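Here is a short briefing on a sheet and the helix packed against it. Have the sequence and the 3D view open as you read.

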Amino acid sequence: MNVLFVNCCIRGEASRTLKLCRTGLEAIQAKYPDAVIEELCLDEEDIRPLHSDTLGQRHALEVAGKLDGPMFRYARQFAAADRIVIGAPYWEYQFPALLRCWVEHVAVGGLTFVYGEDGRPHGLCRGDRILYITTAGGPILDRNCGFDYCKTLFSNMMGFTKFDCVAAECMDVIGYPVEEELDKAEAKLRETIRGW
């Protein structure tokens, strides 16, 4: 099994989200000893939003069916994974902009999806399951727009059918039992992966 870990924990090793992700990845490796986990650290990549020049270049390559170039490496990597783990902090009700830039580079016609005769997108990805891991300074409640966005996009456009989200909330609330919250999130993460 090939697992792609999309690391958008841009505070690096100090990130509580990354700590939670590492727990999840260890649980995945324990359950699937032969699994190959590939980490894509977005903070170390030169990922930029698409703009008029790059969008035009990309469209021309898509139309010509030339999808083997470096511009499409994130889409090829995503499409080839059996399972996806996304780790991103909960910022402004969603996630850092870097993750959105990565999504732009992953959504490529002919690699991760194709429009069918019915005019709707149909997924071309190998995998079917995404695990989304996040931590929040305050309460998330029912406003996890980052997870909701990923779930909507990757199910409706790229064919993923199973989604799990594990979150640790109120990490910056004074007096909140942060370590207990992290312990609960880690336990939920291990339980989730047992069902993978």
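The points below go through the sheet, its strand pairs and the helix.

This is a predicted model. Five strands form an open sheet with parallel pairing. Helix α1 packs on that sheet.

**Sheet layout**
- The strand order is β2-β1-β3-β6-β7.
- β2 and β7 (162-168) sit at the edges, and each has a single partner strand, so one side of each lacks a neighbour in the sheet.
- On average, neighbouring strands are turned by 15° against each other, direction ignored.
- Strands of a sheet pair through backbone hydrogen bonds, in parallel or antiparallel fashion.

**Strand β1 and its partners**
- β1 spans residues 2-7 and is mostly covered, with five of its six residues buried.
- β1 pairs with β2 (residues 36-41) in the parallel sense, over six bridges.
- β1 also runs parallel to β3 (residues 83-87), joined by five bridges.
- Phe5 is a handy landmark for both pairings: its bridge partner in β2 is Glu39, and in β3 Phe5 stands opposite Val85.

**Strands β6 and β7**
- β6 (residues 129-135) and β7 run parallel and are joined by seven bridges.
- Tyr132 stands opposite Cys165 in β7.

**Helix α1**
- α1 touches β1, β2, β3, β6 and β7.
- The direction of α1 makes about 145° with that of β6.

Conventions. Residues numbered from 1 in each chain as written. Predicted model: local features only at pLDDT ≥ 70, side-chain atom pairs only at ≥ 80, totals over all residues. Heavy atoms only, no water. Buried < 20%, exposed > 50% of the residue type's maximum accessible area, 1.4 Å probe, protein only. Helix = DSSP H or I, 4+ residues; strand = E, 2+ residues; numbered from the N terminus. Pairing = 2+ DSSP bridges. Axes fitted to C-alpha atoms, helices over the stretch in contact; angles between N-to-C directions. Contact = heavy atoms within 4.5 Å.
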